[in-house]
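The following paragraphs lead through selected features of a structure, from helix packing to charged pairs and then to a single side chain. Please keep the sequence and the coordinates at hand while reading.

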Amino acid sequence: MAATGEALTPQGYIQHHLTNLSVGEGFWTWHIDSLFFSVGLGVLFLWLFHSVGKKATTGVPGKLQCFVEMIVEFVDNSVKETFHGRNPVIAPLALTIFVWVFMMNFMDMVPVDWIPHAASLVGIPYMKVVPTTDLNITFSMAIGVFLLIIYYSIKVKGVSGFVKELTMQPFNHWAMIPVNFLLETVTLIAKPISLALRLFGNLYAGELIFILIALMYGANWALSTLGVTLQLGWLIFHILVITLQAFIFMMLTIVYLSMAHEDH
């Protein structure tokens with residue numbers, strides 16, 4: 001159902017669920033729902049980990065503290081095994097990326113009609129609840145990582161070292177500078193693009209499958225044994241997908257920043 005109460009065609013139903021609540025036009029379009037959920041989940045992450053850290057005890061930890069400690073230890077071990085430089089920022093950055101991306105991905109576990117339907121009851125026509133199915137969000141995170149790569153490359157190697165890396169590799173000869181520059185520039189730019197598109201593509205496909213399953217059984221899909229089986233089956237599989245995608249985004253960030261710290 002649309003916000004106006006009109007019945008949607010199958011094509012309209014899919015389009016409705018894949019449309020962001022937006023303001024502005026063209027380049028200056030703002031996706032309000034993606035910004036709301038991404039910022040809100042980021043604040044929730046900071047509050048949750050901060051509150052657990054303040055209440056942490058050296059005695060027998062509670063379940064929440066134990067869970068948070070497991071995540072922190074897992075991320076810390078991943079950084080130690082992958083990052084070969086020394087930088088106190090990398091571990092907190094990796095932890096933030098992993099948990100934040102996972103939380104945004106986890107919004108895909110909410111049944112596709114619940115929040116959009118609730119929003120329509122108060123007159124909000126569109127409500128897309130999974131921020132990582134929005135290219136604006138995935139690209140903004142990837143661009144942030146890209147800027148850190150550039151920053152640390154210049155900080156560790158200097159401007160001349162960074163330029164030399166772009167112009168004298170992989171062929172260490174002055175005559176090959178144009179070829180080297182082209183190859184290295186493409187490689188550098190491909191890093192944020194691959195980060196953004198990999199996360200977006202996997203989550204967008206997962207959300208679309210949830211929508212298609214819901215569409216197959218209409219408003220009464222929960223009354224169908226097959227509908228329930230399909231939803232639960234895909235949900236269980238998708239939990240692995242959302243966790244893996246958060247892990248991949250974190251690990252690639254660590255690898256790229258480790259490469260930026262390598263001074264040849």
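At what angle do the axes of helix H2 and helix H3 cross? In this predicted model, the axis of H2 (residues 32-55) and that of H3 (residues 63-82) come within 10 Å and cross at roughly 110°. Because angles of 65 to 115 degrees count as roughly perpendicular, H2 is roughly perpendicular to H3. The crossing in which H2 passes H3 is left-handed. On the H2 side, the contact is made by Leu48, Phe49, Val52 and Lys55; on the H3 side, Leu64, Gln65, Val68, Ile71 and Val72 take part. Sorted by class, the contact of H2 with H3 has 7 nonpolar residues, 1 polar residue and 1 charged residue.

Side chains of opposite charge can pair when their charged atoms come close. The structure holds 2 salt bridges, and one of them joins the side chains of Asp76 and Lys80, with an N to O distance of 3.2 Å. Asp76 and Lys80 are 4 residues apart in helix H3, so about one helical turn separates them. How accessible are these two partners? Asp76 has a relative accessible area of 28% and is therefore partly exposed, whereas Lys80, with a relative accessible area of 59%, is exposed.

The other salt bridge is formed by the side chains of Lys157 and Glu165, with an N to O distance of 2.6 Å. Are Lys157 and Glu165 buried or exposed? Both residues are buried.

The last stop is a single side chain. Leu188 lies in helix H7, which spans residues 177-217. Its relative accessibility is 14%, and Leu188 therefore counts as buried, the limit for that class being under 20%. Which residues are in contact with Leu188, once its neighbours within four places in sequence are left aside? They are Phe146, Ile149, Ile150, Phe162 and Leu166.

Terms used. Residues are numbered from 1 along each chain as its sequence is written. This is a predicted model: local features need pLDDT of at least 70, side-chain atom pairs count only at pLDDT 80 or more; totals for chains, interfaces and linings use all residues. Side-chain values use heavy atoms; hydrogens and water are left out. Axes are lines fitted to C-alpha atoms, for helices over the stretch in contact, and angles run from 0 to 180 degrees between N-to-C directions. Helices (H or I, at least four residues) and strands (E, at least two) are DSSP runs, numbered from the N terminus. Angles under 35 degrees count as roughly parallel, over 145 as roughly antiparallel, 65 to 115 as roughly perpendicular and the rest as oblique. A crossing is left-handed if the near helix is turned anticlockwise from the far one by less than a right angle, and right-handed if clockwise. Contact means heavy atoms within 4.5 Å. Ala, Val, Leu, Ile, Met, Phe, Trp, Tyr, Cys and Pro count as nonpolar, Asp, Glu, Lys and Arg as charged, and the others, Gly among them, as polar. A salt bridge is a side-chain nitrogen of Lys or Arg within 4 Å of a carboxyl oxygen of Asp or Glu. Buried means under 20% relative accessible area, exposed over 50%, partly exposed in between (1.4 Å probe, protein chains only).
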